[in-house]
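Good morning, colleagues. I would ask you to keep the sequence and the structure in view while I speak.

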Amino acid sequence: MSQAQEQAGTTVQPEEQRTVVRTQQVKKMYKMGEIEVHALRGVDMEIYTGEYLSIMGPSGSGKSTFFNMVGGLDKPSEGKVYIDEVDVAQLDAYELAWLRCRKIGYIFQSFNLIPVMTALENVTLPMVFAGLTSDEARDKGMELLKKVGLGERYAHKPNELSGGQQQRVAVARALANDPAVVLADEPTANLDLRTGTEIIELLREMNDDSGVTIISATHDHKMLSVSDRVVWVKDGQVDRIAKREDLDIEVTHVEGE
Amino acid sequence: MSGIEVAGGKKIILPMSRAVEISLRSLKIRFGRSLITTSGVVLAIAFLMSVWSSNEIVSSLRDVNKSEINLLLQKKGVETGLTDGGAESEEAKARLQEEQSKQMWLIGLSLLVCVVGIANAMLMSVTERFREIGTMKCLGALDSFIVKLFLLESTFQGVAGTMAGILIGFLLTLGLALLDYGGFVLDYFPMAGILESAFYALIAGTVLSLVGAMLPAYRAAKMEPVEAMRSDT
């Protein structure tokens with residue numbers, strides 16, 4: 001895994017890497033009654049294959065809007081979003097669903113497992129959509145559940161699992177169709193400190209193992225130390241972008257205070 | 001330019017067997033509510049069936065035109081128009097027609113109430129499952145998958161409720177008819193007519209459930225996947 005080695009190394013050279021998500025002057029306006037709210041005011045951003053990117057920012061900063069844009073969940077009012085070199089705005093409903101099914105894995109703050117399905121069925125649902133036979137899906141689903149450490153609990157329903165375990169199932173589900181990008185929306189917000197750390201480490205591990213790009217919106221400072229890059233969003237614009245090696249110093253500095 | 005264009009087979013599917021499985025389980029997990037929704041259908045169809053089957057029974061007895069049966073019928077206020085040589089009086093005809101139109105009104109109203117009830121229950125079910133639907137869409141579900149799931153759910157409820165309604169309506173009517181006319185009912189049992197009524201009632205119940213579920217299913221399907229991200233619902 002050359003990508004993994006590259007990640008483990010100290011330098012990430014954006015120029016040498018393939019871009020998986022690219023935004024060009026993305027703007028988003030909402031109408032709230034008479035007032036126009038500018039959630040995003042022109043964001044240019046490149047996200048590279050195999051990187052672990054965290055998006056930080058206070059609520060109301062446009063962070064969620066930006067996050068939804070790069071995840072193909074929202075379309076910009078102006079500007080372009082390319083996911084895997086495809087302009088999201090050009091896709092029809094069917095292609096968009098296909099993109100979400102095959103190219104993007106979603107991890108949610110409140111886990112969002114389907115309550116009527118077992119852990120295994122939750123993991124295999126995207127594979128069923130993608131047209132895998134039930135045998136193929138089951139094998140792959142079991143493999144993924146083992147990877148996230150829940151091989152024994154495949155037959156449990158979400159309400160029989162702890163929060164951390166549910167989020168692990170969600171991680172496995174996000175990886176079901178070998179997506180290009182995994183989008184994690186505050187994945188640790190509903191978890192305690194230790195479980196949150198475990199989930200972060202699991203995501204990092206998946207990122208190292210399979211080279212999947214991970215984009216995470218977060219408030220969680222634990223996330224910073226595993227991220228390759230951190231993007232701060234403020235007032236609908238990218239405030240600054242920091243690489244990990246710069247961050248390490250910062251984090252120690254903050255902790256030293 | 002790897003990725004979307006290149007990857008062969010751009011299909012997304014939800015096999016019918018899986019859809020059936022998911023919707024049956026969704027019903028099971030909300031069994032209490034499903035039962036209430038279904039009971040609306042049961043009542044409406046039971047009423048429909050009892051009206052139809054009692055009509056069938058009475059008219060079959062009338063057609064026999066035996067004096068002892070006619071006596072029983074007349075006691076119950078049923079015109080036995082054939083007593084005096086076959087010609088039904090105009091007055092009797094008019095009365096019969098009026099009665100029938102009254103029945104139609106009642107049936108129509110009860111079915112309408114039933115549809116509204118189903119639509120209401122399904123809308124509630126959709127609202128309750130906003131996040132689940134949004135999640136499914138994030139996982140790549142098409143609008144049509146969501147519609148399929150909700151219509152299936154409603155159809156199962158409808159068919160089960162209708163069957164129960166048919167049975168209840170028929171048995172009640174049969175019981176009452178036995179009390180009124182005794183063994184004659186069984187002697188001249190209008191089997192074909194009852195089966196025909198049951199068949200039409202089954203169709204009516206299923207169609208009602210589908211019609212009631214259409215708007216809620218459409219609403220569910222049109223939901224944006226971003227809804228799944230909202231944590232405060």
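In chain A, strand β3 (residues 52-56) and strand β8 (residues 213-218) run parallel and are joined by five bridges. Strands here are DSSP runs of E with at least two residues, helices are runs of H or I with at least four, and both are numbered from the N terminus. Two strands count as paired if DSSP finds at least two bridges between them. Within this pair, A:Met56 stands opposite A:Thr218 of β8(A).

Before going further: this is a predicted model, in which local features need pLDDT of at least 70 and side-chain atom pairs count only at pLDDT 80 or more, while totals for chains, interfaces and linings use all residues. Residues are numbered from 1 along each chain as its sequence is written, and chains are lettered from A and ligands numbered from 1 in the order in which they are written.

The two strands belong to an open sheet of six in chain A, with the order β6-β7-β8-β3-β9-β10 and mixed pairing. At its edges stand β6 (104-107) and β10 (237-243) of chain A, each with a single partner strand, so one side of each has no neighbour in the sheet. From one strand to the next, the twist averages 20°.

Which strands does helix α2 (residues 63-70) of chain A lie across? They are β3, β7 (181-185), β8 and β9 (229-234) of chain A, and the helix runs at about 160° to β8(A). Angles run from 0 to 180 degrees between N-to-C directions, with axes fitted as lines to C-alpha atoms, for helices over the stretch in contact. Helix α6 (residues 163-174) of chain A also packs on the sheet, where α6(A) touches β6 and β7 of chain A and makes about 170° with the direction of β6(A).

Turning to chain B, the axes of helix α2 (residues 31-64) and helix α4 (residues 90-128) of chain B come within 10 Å and cross at roughly 170°. α2(B) is therefore roughly antiparallel to α4(B), a term used for angles over 145 degrees. Contributors to this contact include B:Phe47 and B:Leu48 of α2(B) and B:Ile107 and B:Leu111 of α4(B).

Finally, the interface: 30 residues of chain A are in contact with 29 residues of chain B, contact meaning C-beta atoms, placed from the backbone, within 7 Å. On the side of chain A that touches chain B, α3 (93-102) and α4 (119-129) of chain A each give two or more residues. α3(A) gives the most, with seven residues.

Note on methods: Contact = placed C-beta atoms within 7 Å. Parallel < 35°, antiparallel > 145°, perpendicular 65-115°, else oblique.
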